[in-house]
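Here is a short report on one structure. Look at the picture first, then read on.

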Amino acid sequence: SIYQIEILNESLWALQQRQEVLDSVLAERRQKIIDITDSSNCVSCGAIRAGAENLVLGANYIKLPSLDTVINNLEDARGINLTGIFQQGIQYLDDIPALVETQSATPIASKCQHS
């Protein structure tokens, strides 16, 4: 429903706003771990240091597009009278036999008079 997409869009916006803060905090934590593992007191810390160096935020919410266009399109679609459109189509198809009869009657009648 549109309501659920709106909630998803709000969550996406909130994540995008927090992306920079998350990146910054994670970089600080990563650097603290690296600094600790670089100290001479840290024994066998190579694996921990390597893990810390690879510590990155796995998601990039800023790359995700806003859902505003989708929401607007769905709201526009709500205003379309699909039932009316289908009824017009059915009526058009129902009218074809009478239309063929009417449009072909004059040419057939004129050919019969010339014979």
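This is a predicted model: local features need pLDDT of at least 70, side-chain atom pairs count only at pLDDT 80 or more; totals for chains, interfaces and linings use all residues.

Glu53 has a relative accessible area of 43%, so Glu53 is partly exposed. Residues are numbered from 1 along each chain as its sequence is written, and side-chain values use heavy atoms, with hydrogens and water left out.

**Salt bridges**

Side chains of opposite charge can pair when their charged atoms come close. A salt bridge here is a side-chain nitrogen of Lys or Arg within 4 Å of a carboxyl oxygen of Asp or Glu. By this rule there are two salt bridges.

| Pair | N to O distance |
|---|---|
| Arg49 and Asp38 | 2.6 Å |
| Glu53 and Arg49 | 2.0 Å |

Arg49 sits in helix H2 and Asp38 in helix H1, so their pair ties together parts that are eleven residues apart in sequence. Glu53 and Arg49 are four residues apart in helix H2, so about one helical turn separates them. Shared partners join Asp38, Arg49 and Glu53 into one network of salt bridges. Arg49 counts as partly exposed, because its relative accessibility is 24%. Asp38 is also partly exposed, at 44%.

**Two helices**

Helices are DSSP runs (H or I, at least four residues), numbered from the N terminus. Helix H1 covers residues 2–38 and helix H2 covers residues 46–53. Their axes come within 9 Å and cross at roughly 160°. That makes H1 roughly antiparallel to H2, a label for angles over 145 degrees. Axes are lines fitted to C-alpha atoms over the stretch in contact, and angles run from 0 to 180 degrees between N-to-C directions.

Which residues make the contact? From H1 come Arg30, Ile33, Ile34, Thr37 and Asp38. From H2 come Ile48, Arg49, Ala52 and Glu53. Contact means heavy atoms within 4.5 Å. By class, the contact has four nonpolar, one polar and four charged residues.

**Glu10**

Glu10 is in helix H1. Is Glu10 buried or exposed? Glu10 counts as exposed, because its relative accessibility is 56%. The C-alpha atoms of Glu10 and Ile36 are separated by 39 Å. These two residues are 26 residues apart along the chain.

Definitions and conventions. Angles under 35 degrees count as roughly parallel, over 145 as roughly antiparallel, 65 to 115 as roughly perpendicular and the rest as oblique. Ala, Val, Leu, Ile, Met, Phe, Trp, Tyr, Cys and Pro count as nonpolar, Asp, Glu, Lys and Arg as charged, and the others, Gly among them, as polar. Buried means under 20% relative accessible area, exposed over 50%, partly exposed in between (1.4 Å probe, protein chains only).
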